[in-house]
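Subject: Structure handover

Hello,

Here is the structure I promised to pass on to you. Have a look at it first, and then read on for what turned up in it.

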Amino acid sequence: MGRDKKNEKRVEHWTKLVRNMMEEPAWRALSSTAQALYPWLRLEWHGAGNNNNGRICLSVRQAADRLGVSYNTAAKGFRELQAKGFIAVTRPPKLGTSGVASSPLFELTEISLPTAHGEAGRRLYKQWSEGADFPVVKAPVHNPTGKGGKTKPCLKNCDETVVDFATRMTEATQ
């Protein structure tokens, strides 16, 4: 027995990319990774009826998994999309006191924000030109010396001068 196609419910999740946007110089200046990342961000938008633009959440790890690339490559894609004006960070990433991280929230500049009273978004990518990138919000570095990097511990005096801990210990033993 065949299935009744009339009663079959198909729920597909899709998004559209507008050709005018893809013909902009800013789009052509993006790497293929950033171009592949944009539709994934677009899929996180809930549509005009339930506009969540400005609160779109996609972590670097999720993006890396969906694109099949490393975390660093996915992070570079996010930075490129910001620099060319396709996305803007509305809330930067943060690490809470309990150790739980939260992803940044994004605005797709192609789409209007829920609080805006117009149809079109800011479309910052139209204002982009070679050598005039938009500011990029990066995640704060919690380990500035890198993985496994060791530095000598330092203490700051009340007058903001730095005291090298190793030097101080050497002077104390003499």
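This is a predicted model: local features need pLDDT of at least 70, side-chain atom pairs count only at pLDDT 80 or more; totals for chains, interfaces and linings use all residues.

**Helix packing**

Two packed helices are described by the angle between their axes and the distance between the axes. Helix α4 (residues 60-67) packs against α5 at an angle of about 105°, and their axes are 8 Å apart. The two helices are therefore roughly perpendicular to each other. On the α4 side the contact is made by Val60, Arg61, Ala63 and Ala64, and on the α5 side by Tyr71, Ala74, Ala75 and Phe78. Sorted by class, the residues of this contact are seven nonpolar, no polar and one charged.

Helix α5 (residues 71-83) also meets helix α3 (residues 32-43): their axes come within 9 Å and cross at roughly 80°. That angle makes α3 roughly perpendicular to α5. From α3, the contact involves Thr33, Ala34, Leu37, Tyr38 and Leu41. From α5, the residues are Thr73, Ala74, Gly77, Phe78, Glu80 and Leu81. By class, that gives seven nonpolar, three polar and one charged residues.

**Salt bridges**

Side chains of opposite charge can pair when their charged atoms come close. How many salt bridges does a search of the whole structure find? The search finds five, and here are some details on a few of them.

Glutamate 110 forms a salt bridge with arginine 42, with the closest N and O atoms 2.9 Å apart. This pair links distant parts of the chain, since glutamate 110 is in the loop between β5 (105-108) and β6 (154-156) while arginine 42 is in helix α3, 68 residues apart. Are these two residues buried or exposed? Glutamate 110 is buried, with a relative accessible area of 8%, and arginine 42 also counts as buried, at 6% relative accessibility.

Glutamate 44 and arginine 66 meet through their side chains in a salt bridge, 2.9 Å from N to O. Glutamate 44 lies in the loop between α3 and β1 (56-57) and arginine 66 in helix α4, so this pair ties together parts that are 22 residues apart in sequence. Glutamate 44 has a relative accessible area of 22% and is partly exposed; arginine 66, at 33%, is partly exposed as well.

Arginine 122 and glutamate 107 form a salt bridge too, at 2.8 Å from N to O. Arginine 122 sits in the loop between β5 and β6 and glutamate 107 in strand β5, 15 residues apart, and the pair links distant parts of the chain. Glutamate 107 is buried, with a relative accessible area of 4%, whereas arginine 122 is partly exposed at 45%.

**A buried glutamate, and a leucine**

Glutamate 24, in the loop between α1 (19-22) and α2 (25-28), is buried yet has no salt bridge. Which side chain of opposite charge is nearest to glutamate 24? That is lysine 126, 4.2 Å away; a salt bridge needs a nitrogen within 4 Å of a carboxyl oxygen. Leaving aside neighbours within four places in sequence, glutamate 24 is in contact with Tyr125 and Lys126.

Lastly, leucine 95 lies in strand β3 (residues 94-95) and counts as partly exposed, at 45% relative accessibility. Leucine 95 and alanine 139 are 44 residues apart in sequence, and their C-alpha atoms are 9.7 Å apart in space.

Best wishes, and enjoy exploring!

Note on methods: Residues are numbered from 1 along each chain as its sequence is written. Side-chain values use heavy atoms; hydrogens and water are left out. Axes are lines fitted to C-alpha atoms, for helices over the stretch in contact, and angles run from 0 to 180 degrees between N-to-C directions. Helices (H or I, at least four residues) and strands (E, at least two) are DSSP runs, numbered from the N terminus. Angles under 35 degrees count as roughly parallel, over 145 as roughly antiparallel, 65 to 115 as roughly perpendicular and the rest as oblique. Contact means heavy atoms within 4.5 Å. Ala, Val, Leu, Ile, Met, Phe, Trp, Tyr, Cys and Pro count as nonpolar, Asp, Glu, Lys and Arg as charged, and the others, Gly among them, as polar. Buried means under 20% relative accessible area, exposed over 50%, partly exposed in between (1.4 Å probe, protein chains only). Lys and Arg count as positive and Asp and Glu as negative; His and the chain ends are not counted.
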